[in-house]
Amino acid sequence: MEYMKNIRILVPVDFSELSYAALETANQLAILFEGTVTPIHIWVEPPRAEEYSYSVNLSYDVDYVEVGKELTQKLNDVASDKIDQQLLKPVIVKKGMPASSILSNAIDFDIIVMASKGLSGFQRYLLGSVTEEVVKSSKIPVMIVKQKSLQKSLKKILVTTDFTDNSMAAFPTVMEFVKKTGAKLDLVHVASYDLYPMFGLNTESYTDEIVERIQKRLKTLISDHLSDIKEQVNPKVITTPKSAHESLAGFIEKNEYDLVVMSTMGTSGLRYLLLGSTTANVLRHSPSPILVVRPKAKEKSSEVHK
């Protein structure tokens, strides 16, 4: 089932170079899955507006209609330059609070593609609290662009798992990417351990035992949930005395993946994936786009009325 076909993509734009990379990423996604791209710009009114770097004049005596027209024209110009015309939908320009406005407008879309930060004052717009709030609260997948846009030819993708149902929520999405692109997929589990209880033990053989056991679980996971692409999946185990999120961030940075896919929720070492310190670590160290998939809430046992 090609559930990602004809996807509707929403792209927050703050007129920074990084948000332009988000537009380029959205364009590649739209080409890949025969979708459409809708750029959106949310602007805040004075007195907070002086904190942001607009090219238009925002004084305390603001003509909101004129500001809206100027920003709409600017967004149209940028979008026309970055998005193939046949994929581009009418832009959205609204006054409001960034995170809540992005989320409320996302109701009619299938995925949000946004930058992790902007320029000068706009660092507050697509950095930290706003990005994290969108990631944590969005009911649809969010792709975060850190340094570079999505490549036209994806060759190397990473997806994480901690063997919970929540972490496996990203599997259907990543399978669509692999099928469309022919990319190789690394299925990664992070096993963190404490060195102190192992003092005096043969830590090398202990680690080998851990890896062997987890490798078997990963192979079973591939057989049960990724069988359609099993020839392209490579199970990997990271053993570390460090925190799971720190090791994962370093592993991603070192291996230079074209795309990283992960779920927002899990347990054990990955429980805080993309929450708190893990968000900062992964986003700070990964130059690649990161696709965050939120697990669907479990439905109560009841008859479904058609």
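**Figure 1. F251 and Y257, a buried pair of rings.** In this predicted model, F251 and Y257 are both buried. Their rings make a tilted aromatic pair, with 6.2 Å from centre to centre and 35 degrees between the planes.

**Figure 2. F33 meets F177 edge-to-face.** The count of aromatic pairs here comes to 2. In this one, F33 and F177 are set edge-to-face, 5.1 Å apart centre to centre and with 80 degrees between the planes. F33 belongs to helix α1 (residues 17-33) and F177 to helix α5 (residues 171-181), so the pair links parts that are 144 residues apart in sequence. Both F33 and F177 are buried.

**Figure 3. R217 over the ring of F163.** Here's another charge over a ring: R217 lies over the face of F163. The distance to the ring centre is 3.9 Å.

Figure 4. S263 is part of strand β9, which covers residues 259-263. With a relative accessible area of 2%, S263 counts as buried, because the cut-off is under 20%. Its side chain reaches the backbone oxygen of N166 at 2.9 Å.

**Figure 5. Zooming out to the whole chain.** The protein chain has 8 helices and 10 strands, and 52% of its 306 residues are buried. Its accessible surface comes to about 15500 Å², with 49% of that belonging to carbon and sulfur atoms.

Conventions. Residues are numbered from 1 along each chain as its sequence is written. This is a predicted model: local features need pLDDT of at least 70, side-chain atom pairs count only at pLDDT 80 or more; totals for chains, interfaces and linings use all residues. Side-chain values use heavy atoms; hydrogens and water are left out. Helices (H or I, at least four residues) and strands (E, at least two) are DSSP runs, numbered from the N terminus. Buried means under 20% relative accessible area, exposed over 50%, partly exposed in between (1.4 Å probe, protein chains only). Accessible areas come from the Shrake-Rupley method with a 1.4 Å probe; for residues, only the protein chains shown count as cover. A polar contact is a pair of N or O atoms within 3.5 Å; within protein, one must be able to donate a hydrogen and the other to accept it, and residues adjacent in sequence count only if both atoms are side-chain atoms. Rings of Phe, Tyr and Trp (its six-membered ring) pair if their centres lie within 6.5 Å; planes under 30 degrees apart count as stacked, over 60 as edge-to-face and the rest as tilted. A charge sits over a ring if NZ of Lys or CZ of Arg is within 6 Å of the ring centre and within 35 degrees of the ring normal.
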